[in-house]
Amino acid sequence: MKGNDYFNYAGDCNVSKVRDHVMGDIYHSQLIEVGSPEANTAFSSTNEEAYYRATNNYQSFMSKYSNRENVIYAGANSGILHAINAETGEEQWGFIPPFIGSLLPQIVNVDYDGRANAVAGQDGSGGTNPIFGVDGSPVVHDVHIYGYNQDLILEGSKTWRTLMFVPYGRGGAGF
């Protein structure tokens, strides 16, 4: 899961070496980019989300996070939610949800050991088994909720937060 060359794709018998491509396949998930908050605050009716944002200080949230780094999120069949810096293309972090962890042993297929130079699909060659882990498309929304501050103290009033929901697709329910 960390990208070690367990199947010796490089052909040098160094399984502690990191593979050139460590990300699992992104099969069902669409990429989503999150940067500075930019939801609309112009409204024509009190029944619109924009009205709620405008009357609950969303403008302050927008101003506070106007320089927030742009990050691309994608779920992969390997069970990892990836966060990728939109400017550099470097992965910032990967997260494996706890109940996907039990599926990880299914990825390893010992029949593939030592067959990295064979033609994929022939003679039992290939890589790993897909588990359809975090294969849903992330959904991001700015919400106005009660929450904890950086000191883990429950704040007495609602604050704006950017939240993400990632459905697991075939891997499970979601988080």
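How many bridges pair strand β5 with strand β6, and in which sense? The legends below take up this point first, then move to other parts of this predicted model.

**View 1. The β5-β6 hairpin.** Nine bridges pair strand β5 (residues 139-148) with strand β6 (residues 154-165), in the antiparallel sense. V140 stands opposite M164 in β6. Five residues lie between the two strands of this hairpin.

**View 2. The open sheet of four strands.** The strand order is β1-β2-β3-β4, and the pairing is antiparallel. β1 (32-34) and β4 (91-95) are the edge strands; each pairs on one side only. Neighbouring strands of this sheet are turned against each other by 25 degrees on average, direction ignored. In a regular strand, side chains alternate between the two faces of the sheet.

**View 3. Close-up of β1 and β2.** β1 and strand β2 (residues 71-75) run antiparallel and are joined by three bridges. Here E33 stands opposite I72 in β2.

**View 4. The largest nonpolar core.** Seven residues form this core: V34, V71, Y73, L81, A83, V134 and V166. Two elements, β2 and β3 (81-85), each give two or more residues to the core. In soluble globular proteins, nonpolar side chains tend to be buried together.

**View 5. The loop at N57.** N57 sits in the loop between α1 (49-55) and α2 (58-64). N57 is not a glycine, yet has a positive phi of about 60 degrees.

**View 6. The salt bridge in helix α1.** The structure holds one salt bridge. The side chains of E49 and R53 meet in it, at 3.2 Å from N to O. Both residues lie in helix α1. E49 and R53 are four residues apart, about one turn of the helix.

Conventions
Residues are numbered from 1 along each chain as its sequence is written. This is a predicted model: local features need pLDDT of at least 70, side-chain atom pairs count only at pLDDT 80 or more; totals for chains, interfaces and linings use all residues. Side-chain values use heavy atoms; hydrogens and water are left out. Two strands pair if DSSP finds at least two bridges between them. Axes are lines fitted to C-alpha atoms, for helices over the stretch in contact, and angles run from 0 to 180 degrees between N-to-C directions. A nonpolar core is a set of buried Ala, Val, Leu, Ile, Met, Phe, Trp, Tyr and Cys residues joined through side-chain atoms within 4.5 Å. Buried means under 20% relative accessible area, exposed over 50%, partly exposed in between (1.4 Å probe, protein chains only). A salt bridge is a side-chain nitrogen of Lys or Arg within 4 Å of a carboxyl oxygen of Asp or Glu.
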